Each structure stands twice: as structure tokens, then as C-alpha cells.
Amino acid sequence: MKKLYSAGKIVLFFIIIFALIGAASNITERKDSRKKYHDFMELSDQIDVLFLGSSHVLNGINPVQLYAEYGITSYNMGKPGGMVTESYWTLMNALDYCTPKCVVVDLWALDRNYKYLDIMNGYEPEEDTRNSVSLLHTNMDIWPISKTKIAAINDLISDPEIRKEFLWNFTLYHSRWSSITSGDFKPLNAQDSNGYLLGAEQRQELYLNPKVEQALDTTQILSEKSVCEEYLDKILEVCRQRDIEVVLTFLPMAVSYDQDRQAVNRITEIADENNLLFLNLLPQETQSVIDYYTDMSDDTHLNVNGMYKVTSYIGGKLREVFELPDHREDDNYARWKEKADQWRTSEVYKLANQSDLYTELGEIQYLGASTIIFMRGDSKALHDSLVRRFIKHLTGTEVIEEAYSENGPYLLIRDTSGRMSDVPVIYEFSGETQVEGMETFLGSTTYIGVKDFAAVYVNEDYDNNYLDMEEHYYDDIQIIILGQQGEVISHLCFDTKWQVKEEN
Amino acid sequence: MQIVSIEFLFFFICTLVIYYMVPAYFKCAVLLAASYLFYGSQNIWYLVFLAIATLLSYGSALWMTHIQDNHKKVVFVLSLVMNLSALGYFKYAGFLSGGRISSLLLPVGISFYLFMSCGYLADVYHGRIIAEKNLLKYALFVSFFPTILSGPIERAGNMLPQFSTDSFRQIRFDTSQIRDGFVRMLWGYFLKLVLADRISILVDTVYNSPESYGGALILVTSVLYTFQIYCDFAGYSHIAIGIAKALGIRVMENFKCPYLAKSISDFWRRWHISLSSWFRDYVYIPLGGNRKGTVRKYINIMVVFLLSGLWHGGGWTFILWGGLHGIYQVIGAVLMPIRRKFADGLKLDEQSRSVRAVKVLVTFCLVSTAWILFRVENLEAVFRIGRQLLHPKMWELFDGTLYMLGLDRANVLVMLGGLILLVIVDLLNERGVIISKCIARERLWIRWPIYIAAVLFILICGIWGSAYDTSSFIYYQF
């Protein structure tokens, strides 16, 4: 009896120890993976499309926009540096939780000829291999121990010691103890996660001086079948077995190299051989669905403007080719609607509180906001080619160039009836002008624009100038965002470095 | 399998369960199997070498019991030569060849188990013990897994009797004994993972490019290294003794608050006791000890310490380190009468706290200085460090440089807190207060939270796993 009591005490002691280690493990864990996949775990049974790939996918495709625009339910599984090898194992782990109707695989780095992330090609600096292993945690930490996860780790990592940190990540993360914050103690909920972006990440910043260098078209293909191509075969095989449609993509990059062109040619062959849809978004500069000068955040990653355009383009293709169901009216998909509403609210908030002119102009475009944009005579903004480029995206005309040659003033009323829409009515005026009786959604609108004065009056209310020249006489550019009732959501003016000056 | 690893803990728990489940008759075989499994997991060729070395010393000892004096001496000398040649070949080939042979695969723990074998052969030759007939018992003595990699260098006279079936029969499943072993292991892991490996990050950064730092910072890191090597080696010894204790086996103590020593000779009675007593019993005394005059005694001391330096590694820095300790001892002995006269003249009470404190401080400084030789890669580095000491750059201690050596502020605080705890524990030990025993006497609701907090603290704040490259135990390489 005494022995039994002693043994019981030992067992109890170890139960307490293991429970507390479990708690410590949760607290110290880096939360990236949980944040990224929080919504995947919640919504996995309703996902129709999975997007696989690298950071190009992560920053290039916005599932919540896809739902808002087309009613397609999808999840962005992209991760920085993610090659096809990792995409395969991400898919295998995801398939334990869902069976999508379609898988979209981005094939950046198809030419990479290695699978072990802790070795890579064998000649990279140690920092690169360490970084590569560290990034894999984003896609692996979320999955509980399973046969698939163990197989994935054994396949992607060669060093048995490093494998351990994936099977029990406390061995890695316990050293975070000195940098944990109050957030690490809170349970992860939707607010803590990426919230509404469904795995995607938006890059707000604009790449100001992009070097757009596209390799020339070639008929050559990759000289050998790479390890990544072998894993693409595996993805195709798995999807074939489970009746999942596959779409191949190559997302836009401002700078591409010969091997990218050769990879695109090889992907075209693979798509033809397997009767697959291949969306090549890496054509020459002039043919792109994006504008490399306004839509990139660096050489190879899209910013939020580019993400909007690419998502819209891919969504249209998916709808057209696969007739994926539109779940927007389905009450069972209410949580998707919630996400879409959260996204809209957040974007409108950003629009009203933006600090940078270029970002503001980009957001007006992709959100389809109703806006009044005024540039006074001699405005420096007219001499900024990038500002003019953004304005041309908003209007689809060359009037801004006339304003530039006339040295202003310039007025744009982009009328979407106060709703977010990409089919606006455009009213544009260059040079000294006076127009009365324009029927905008605000009402009968009058515009007076001379070198030293400008005014926008509605319904002959001459006491209320939307441009408020008393306060904004010296401001080069004014942007007024309008709500559905014509109310002013924000009135932003920018200094000569295009940072916001004040907000009314 | 590293002794600081999750695998080892699982291995140990499995061994413990099986060990207490099998009858006494099989316990020796279970421990031997576990020991061979553990050692073989380092490298299978190491295990082959260990088995051959075991058979040779086992056979030689048995042979000595069957032959007469002169032949016995020949066999004894031959077996010693074989053991020491193997040690020399693996450990000193690079040094002796001037670096021309550099890639020999040194079996880990070779210095420890070959010294144990040599000690056993000497004991049998001098008739202090009877040659062991049971091969399993002898093999277990040489390969006992808690001690094989870093000691303590046990004596056959202590261990072999414990490996008999009769002794195993006395060992009962006793939770308080297992708990005591567990607590001892915890303390060892604390010293190794929380202190030694944390300090090593800082020390390595400075010692890898001493020219980038001022003398004050080098001095501080040198003092920290003094603690690092203590925590590292004593940590391993505590773990080994704790494991053995949980198995019901007594292993000799290896450290007794060495930095509270009042002289260098006192230090060597407290530091790596199993090695220093080995040299005393098997080298110093056979050379004549202090029985053949003062000069011979000093020569013997120098020989022992030069050999001790050489034992720690094939390199001039180790030899110099050993030599410096020998010189400390010789000078200490030569100056003893003068020191006594000086103390009498000043009417100093040798037993007073202040005098003892000064002695402890002076001894600590001497030992710390010698550790610099132990830490540096080569003699040139000693001169580089010496040059830097002339430029103290005191401000580096206060301008945040300390936090840019691989440890942030929180980690430095843990390190300092841990060192304070270590000093307090050693001071209490010196006064005969054993904290683990005090805790063990407390009620369960006080005891358990302390143990649990200690486990969690070590797991969370210890330097282990993938985040940092856990440096191996310093003493593995010896």
C-alpha cells in the first residue's frame, strides 16, 4: 500500500510538471503560425480554394477580397521563401482538415533543386539556412503532431536535432522567455490573429524607385527537372486522387531573370500536358495586369494596390473557369461576411487616416471610394509623375497631363455614389474653369477653379465650400473622401513630402 | 545522446524503471547494458574501443594474480603502457606531432575511464584490492554511464563492492532516495544550463576577439569564466552523483566549495577531488611524496601538476596552467615560514573572519588568473589579453557594452542572480547547512512547489535546445 502511495505521488508530481510545461510551452511559443492559421482552423470545412506558394502569394492574394468580390471562400497558405516542396507539405497537412475544390499553386523558384531547408544547396551562409528553417515554423507550428507532420519534417529537414524543434517547439521557443509580452499570455482570438485577412498579409508601402527589369522572352526551358518540379508532380497526383482542380500561377515581379522565364515556359508545358489552367502574370512590362510603378512594395512583392488587382484578376478567372459557388448570400457562411465587413471597415478607416499621399491615392483606387481631389494652381503635386500616374489610374484619362502642362488648377470628382465601387463616374477639370449644374450623387454641383481660388458648392449652398479655401489656400493638394450621404469622411492635405498635414 | 537532453532523461527514467523492476541478480547486467547503450550512442567505435580497453585491463589484472613478483611487475607496467599509450595516441598525437596529426577521433571520456583502469591495475598490483573475476562487474565499473564521460574518476575499491548481487539486494525502491538523487540532478542542471552555458556566451564573445574589448571587461569575463568552469564541471558531477544516488549507488564527491579555499593546496583538496586524489595516490606518493626531502617534495609537486595540466589537454597552455598551480604551491610552501612570522608580527589571528576572507580572496584571484591560461586558445592569445589589460576602458562596464556580448539585460540578470544563489549555497554548505536536506524536511505543500518551480525555471531559462548551440561540457574534451 505504501509503495502504491509513493508511486502515485511520483505520477502526480510528473502530471503537474507536464501540465505546467505545456502551459509554459504555449506562453513562450512564437505566435506567427497560430495567427496565420487561426481562421483556417475555424473555417476549414467551408474553404473552396487554397492558395499555396511563397511570400508572393502571401502578399499577392487577398482571400477576403475574393469573398467580398466573388463570394469565393479561400485561404492564403503562402509563406516567405516557400518553395514547391513546402507547398506540397502545407497542402498535405491542410488536407487533413479540409477538401478544397481548387488549389492554386504559385511556382516561384521552380528551378530550386534541393529539398532540405537546413542544407539548401550546401553553399549558402549559415544565416540563410537558419532563416530558412525558422521560416518553416510559420507553416508547421500550427499542426499538431501527426503522421503527415512527421513525414513533412523528415522530408524537409535533414538534421535530426533540428527536426526535434518542430516536433516539440518548446526546445526552440523557451529562450523567448526574456521577450514575451502580455499578449503571449492571452488566448489567441480573432482580434489577435491577422483578423480578417484569412492568411494573407498586406504590404502598404509603395516601392518608390522600382527598377523594372524583365528578362527577355525566350523559348528555352529549365535545363533539368528540379526537385521542386518533382514536388509539383506530387501535388498534381494528390489533387488528381482527390478530384481537386489545380491552377498554376506565376505572380508578377518587377525584376525577373532568365531562369524565371525558363520556368514559366516549363510551367506552360506542364499545364498543357496536364490540361491545367496556368495564369502567367509575369509578361513584359507593358502587358501586365499591374502597374510596376504603383503596385510593388519592392522588386518582387506586391503592395496592397497590386494585391487588389491580382486578386481581382485571379478571382475572375476562377469564377469563369471553375464556376465556384458564390457564398455571399448563404447564411451558413456568415462568418465570411463578418470578415469581409471587418476588412471593409478597416480599409475605410485607413483611407480616412492615411498619412502618405501615394498610399492614399492607391487606396482610393482599389477601394473605389467617392472622392474629390483638388490640386491648386502651381501645385507641386502636378509636377510629380507618380501622383499623375495614380490619378490616371483613377480616371482612365489624360486630363491630369493637360493640367500639368497648364500648371493647374485641377479638380477630380470621382462619383461612386458614396459606395465602394470600381465603376465610377468621373468629372475632371483642368485649368481655370467654372462649371455649374453637374449632377453628382451630392446633388447639383458647381465648380469654380481659378489660379488663386477654387470652390465646390452643392445645391447652390455658396456658404459651404467643400474645398474650404480659407483654411487650405496654401495646400498643394486636397483629398476629400465622401460617404453615402455625401458627408465628408475625411479631408486630407499633404505637405511637399506628401505626408499628411492636417485632418478636419 | 548528450546527458543534457530530453532523450537522456527518457533513457534514464526507462533505465530506472527497469532497474527497480528486475531482481538483484540482473541489476548489474541492466546497468551495464544501459551504460553500453549510452556510450555507444556517442559513437559505435568508441564503444568498441571501450570494450577492448576493458578486456585488456580486466585480463591484465587477473593475470597479475596468477604470476610471481617480477613477471607481475612486467605485466603491470605493460598494461599501464598500453593504457597510457592509447591515451597518448588519441589525445596527444596532434600536440606531439606539432599539429601534423590533427584529426584523430578522440573517444569521449577516455581520460576518465583509462585513469580508472590504471588506478584499478595499480590497486591490484599493490594488493590493495583483489582482481575482479566477474567481467560484467568490472565492465560496469569502467563504463558506469553517469560517470563515464566526465567522472568522477572512481576507485575500484569503492565501486566494485557496490556492484555485487548482495549489495544490489540491499537497494530498495525508496522514494526519498530517488527524490534526493533527482534534486541533486536538478542542481547540476541548474549549474550547467542556467549558469555555465549562459556565462559561456559572454565569455566566448570576449575571448574570441579580446582586442575588441577593454581590460576591465576582459577581467570581468575572466572572473565569469572562473565561475563558468566551476558550474560546468561541478554541474556534471552533481548530475552524475544524482543519477547514481537515484540508483542507490554511492559515487564520491568531486567538489567541495572550491572557491572558498584558503590556499592553493586547499583548493586542490576541494576541486576535482577524484582527479587530484588520483594523482596523489598513484603519482605523488609513489614518487616519494614528502618523504624524501623538501627539494624532492617540490619536484614531485611540480611533476604532479605538470601531468595534471597535460591530462587536461595536449597544449602548452594546459601545461603552463598546471605548472603555474605547481609554482603557486611551491612558493606557498617556501614562503610559509615568512608568512607565519609576518602574521605573528602583526598579531593576526589566522582563524579570524577577516584573515580567512583575505586568504579566500587571494586564492580566488590566483586561481582565476590561472584559468586564463586554461581558457585561451594559444600562448599568443595570452599576450594579446595581457596587452588589453593595460587599457582598462572602464566605461565598457557601464555603457551597455555588457549587453551586447550575446546576452540581453534579462539574461545578464538571470546570470547574476544565479551566481549569487551559487555563492549562498556554497557558503551554507561550508557551514554544514545543506539546502536540499532542509527542503526535503519540509512538508509536501512547501517542498513540491520548490521542486516544480526549479524544474520550470531550468527548462525555461536554461540555455538548451535549438535557440543556442549548447556548448558541450567543457570536461568532455579531457
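Visitor: In this predicted model, which residues touch the most other members of the largest nonpolar core?

Guide: The model is a predicted one, and its largest nonpolar core holds 123 residues. This core draws at least three residues from each of domain 1 (31-115 + 189-342) and domain 2 (353-503) of chain A. Within the core, the residues that touch the most other members are V49(A), L50(A), L52(A) and L107(A).

Visitor: Which residues does V49(A) touch, not counting residues up to four places away in sequence?

Guide: V49(A) belongs to the group in the largest nonpolar core that touches the most other members. When residues up to four places away in sequence are not counted, the residues touched by V49(A) are I72(A), S74(A), P100(A), K101(A), C102(A), V104(A), L318(A) and L324(A).

Visitor: How many residues are in the other core that lies apart from the largest one?

Guide: Among the members of this other core are V142(B), L149(B), V251(B) and L324(B).

Visitor: How many residues of domain 2 of chain A are in contact with domain 1 of chain A?

Guide: The C-alpha centres of the two domains of chain A, domain 1 and domain 2, are 35 Å apart. On the domain 1 side, 8 residues take part in the contact, and by class these are 4 nonpolar, 3 polar and 1 charged. On the domain 2 side, the number of residues in contact is 9.

Visitor: Which element of chain A gives the largest share of the side that touches chain B?

Guide: The contact between the chains takes 19 residues from chain A and 16 residues from chain B. Two or more residues on the chain A side come from each of helix 1 (2-28), helix 8 (160-167) and helix 9 (170-173) of chain A. By class, that side has 10 nonpolar, 6 polar and 3 charged residues. The largest share, 11 residues, is given by helix 1 of chain A.

Visitor: What radius of gyration does chain B have, and why does it agree with a compact globule?

Guide: Chain B comes to 19 helices and 0 strands, and its C-alpha trace spans about 65 × 60 × 55 Å along the principal axes. Because a compact globule with 478 residues would have a radius of gyration near 23 Å, chain B agrees with that expectation, its own value being 23 Å.

Visitor: What percentage of the contacts in chain B between residues at least 6 apart in sequence join residues at least 24 apart?

Guide: Of the 478 residues of chain B, 40% count as buried. Among the contacts in chain B between residues at least 6 apart in sequence, the share joining residues at least 24 apart is 73%.

Technical notes. Residues are numbered from 1 along each chain as its sequence is written. Chains are lettered from A and ligands numbered from 1 in the order in which they are written. This is a predicted model: local features need pLDDT of at least 70, side-chain atom pairs count only at pLDDT 80 or more; totals for chains, interfaces and linings use all residues. Helices (H or I, at least four residues) and strands (E, at least two) are DSSP runs, numbered from the N terminus. The radius of gyration is taken over C-alpha atoms; the globule rule is 2.2 Å times the number of residues to the power 0.38. A residue is buried if 20 or more other C-beta atoms lie within 10 Å of its own, exposed if 12 or fewer, and partly exposed in between; C-beta atoms are placed from the backbone. Two residues are in contact if their C-beta atoms, placed from the backbone, lie within 7 Å. Domain bounds come from an automatic or database domain assignment. Ala, Val, Leu, Ile, Met, Phe, Trp, Tyr, Cys and Pro count as nonpolar, Asp, Glu, Lys and Arg as charged, and the others, Gly among them, as polar. A nonpolar core is a set of buried Ala, Val, Leu, Ile, Met, Phe, Trp, Tyr and Cys residues joined through C-beta atoms within 7 Å.
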